[in-house]
Amino acid sequence: MGFLDFFLVTCRVLHVFSVAAWIGGLGFLGGVAGPVFRHFGERGEEIAAHIERRFVGFVWTVAWGAGVSGLLLMLMSDKFLWLDYSTPWRWFLLGKQIIFLCMIAASLVISASLKEAAPLTSTTAPEGDLSDVERLRWRVTLLQRLNIMLGIAALILAACMQ
Ligand code: HEM
């Protein structure tokens, strides 16, 4: 195996690992950790919020991994040609890039909402307006679900590219 082949395999592994960690992390957070912690009331709600805020840093790491490896795979592929959409492969790739940007935009809004909610949900500062907290929680949950659906759509497009 030459260096270029090795580099290509490394990019594919990094790409698949990054997207699996991103979508898997979102699924675990929304489907397992969040509901379990919230079951334990106010204290659980605060712990769930801490985990979500910590998850934001993790998301940026895997998003960089997925984006950079995807870009390298794209540039190394002989199926890719700048600004040419004459094959289904290139349309699927464009679709995946748009989805990726939407997921990044949603993550930015999630990150800003969690920062805004932090002083309101803290038990050491319980004077926060409940309707504000609920509005922010609703927004974060909705965007996290949207990101899972977008991630699945990107996976389907990736399968179509094979
Ligand atoms: C959340 C977004 C994304 C998901 C879920 C995703 C998922 C995948 C998966 C599962 C593969 C198959 C890997 C393999 O067969 O070894 C793949 C391949 C690929 N991805 Fe992505 N990807 C995403 C974003 C991107 C982005 C942003 C780019 C480009 C900038 C990109 C470019 C590529 C390329 C060029 C390939 C190789 C396709 C081929 O071999 O024909 N991906 N992607």
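Select helix H2 (41-76), where helices are DSSP runs of H or I of at least four residues, strands are runs of E of at least two, and both are numbered from the N terminus. At 1.5 Å a residue, the 36 residues of H2 should span 52 Å, and the end C-alpha atoms of H2 are 51 Å apart, which agrees; the expected span of a helix is 1.5 Å times one less than its number of residues. This is a predicted model, in which local features need pLDDT of at least 70 and side-chain atom pairs count only at pLDDT 80 or more, while totals for chains, interfaces and linings use all residues. Residues are numbered from 1 along each chain as its sequence is written.

Remain on H2 and colour its buried residues: Ala 48, Ala 49, Glu 52, Val 59, Ala 66, Ser 69 and Gly 70. A residue is buried if 20 or more other C-beta atoms lie within 10 Å of its own, exposed if 12 or fewer, and partly exposed in between, with C-beta atoms placed from the backbone.

Next, display the whole chain. It has 4 helices and 0 strands, and its elements run α-α-α-α from the N terminus on. The C-alpha trace spans about 60 × 30 × 20 Å along its principal axes. Of the 162 residues, 18% count as buried. Among contacts between residues at least 6 apart in sequence, 73% join residues at least 24 apart; two residues are in contact if their C-beta atoms, placed from the backbone, lie within 7 Å.

Move to helix H1 (3-38). Its 36 residues should span 52 Å at 1.5 Å a residue, and its end C-alpha atoms are 49 Å apart, which agrees. Centre the view on Leu 29, where H1 has a kink of about 40°; the bend at a residue is the angle between axes fitted to the seven residues ending there and the seven starting there. The buried residues of H1 are His 15, Ser 18, Val 19, Trp 22, Ile 23, Leu 26 and Gly 34. Leu 4, also in H1, counts as exposed because it has 9 C-beta neighbours inside 10 Å.

Now select the largest nonpolar core, made up of Ala 48, Ala 49, Ile 110, Leu 114, Ala 117, Leu 136 and Val 140. A nonpolar core is a set of buried Ala, Val, Leu, Ile, Met, Phe, Trp, Tyr and Cys residues joined through C-beta atoms within 7 Å. H2, H3 and H4 each supply at least two residues of this core, and the largest share, 3 residues, comes from H3. Leaving aside neighbours within four places in sequence, Ala 117 is in contact with Ala 49, Val 133 and Leu 136. A second, separate core of 6 residues includes Val 19, Trp 22, Leu 26 and Val 59.

Proceed to Leu 83, in the loop between H2 and H3. Its phi is near 55°, a positive value in a residue other than glycine. With 5 C-beta neighbours inside 10 Å, Leu 83 counts as exposed.

Finally, select the ligand and its shell of 22 residues, of which the closest are Gly 70, Leu 73, Phe 100, Ala 154 and Ala 158. A residue is near a molecule or strand if its C-beta atom, placed from the backbone, lies within 6 Å of it. H1, H2, H3 and H4 each supply at least two residues of the shell.
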